[in-house]
Amino acid sequence: MAFRSKEMVKKIMKNIGGEKKLDSGVKESLKKCLPDSKVVMNRANRGIYAGRHIQFGNQVSEKVVKGAQGAHLGAQAHHNALWAPLLNRTRRNWKPNVQDKRLFSYILDRHIRVKVTTHALRCIDKAGGIDEYLLKTPYKKMDTEMGLLWKSKIEKMYQELGNMEVVLFPQEEENKLAEEFKEMRIKQRVARRDVRRNVYGWSPRVELIEERSEDVEANREELVANS
């Protein structure tokens, strides 16, 4: 187990040379930024677990008393002894349901592969995406190192995006850019078609499949452009 907030504070205090070198209120603000969870698995530092970690407890099996074990007792005591369970406790642990997922980030404009728990997936869906979840979750509740890393990275990118100047193009230039992009896509399709023909050969059936795939891709591009 690792990543205890108290141990992190002690380590930071040791690295800076003690609490005496800190200004008043700095230590309290530092504690607010650190996760307040007690125990976090080492494996959780490589993913986003949303507070779900390994738990320890007892596995209880019930065994009913039957027969003459309670015959010498009174009627009520005999009834209680007859149905009272003998609890056999076995120590065990419960691990979280962790899955390897590809989540799309709008600020990065790509998918990121990360290990997440099913609870974290529900939290991400409720927030509206991985970016919104990382931005809305405070640092003290982000209890894994990977979560802190992605949160700080995405916050920095959104801050840089907010400081950028927004420039609006005239309608003629937008149409020109759209036409250039369309021509570039056509050239890419032709290049892929030539490569496929050189590798797999050419036949009327292959040509029919290529035409259908090009039509599907063109329809998809039109839907994206109109949305």
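What you have open is a predicted model, where local features need pLDDT of at least 70, side-chain atom pairs count only at pLDDT 80 or more, and totals for chains, interfaces and linings use all residues. Residues are numbered from 1 along each chain as its sequence is written, and side-chain values use heavy atoms, with hydrogens and water left out.

**Whole chain.** Switch to cartoon view: the protein chain has 8 helices and 5 strands (DSSP runs numbered from the N terminus, H or I of at least four residues for helices, E of at least two for strands). Along the sequence they read α-α-β-β-α-β-β-β-α-α-α-α-α. Of the 227 residues, 22% count as buried, meaning under 20% relative accessible area with a 1.4 Å probe, protein chains only.

Pick Asp100 and you'll find its bridge partner in S5, Lys115. The hairpin leaves 4 residues between the strands, and Asp109 in the turn has a positive phi of about 60°.

**The pocket.** Now select Ala50, His119, Cys123, Lys126, Ala127, Glu132, Tyr133, Lys136, Thr137, Pro138 and Lys141, which line the second largest pocket. Helices H4 (118-127) and H5 (130-136) each give two or more residues to this lining, with H4 giving the most, 4 residues. A pocket here is an open set of points on a 1 Å grid over the protein atoms alone where a 1.4 Å probe fits, with protein on both sides within 12 Å along at least five of seven lines; lining residues have an atom within 4 Å of a point.

Terms used: Pairing = 2+ DSSP bridges. Buried < 20%, exposed > 50% of the residue type's maximum accessible area, 1.4 Å probe, protein only.
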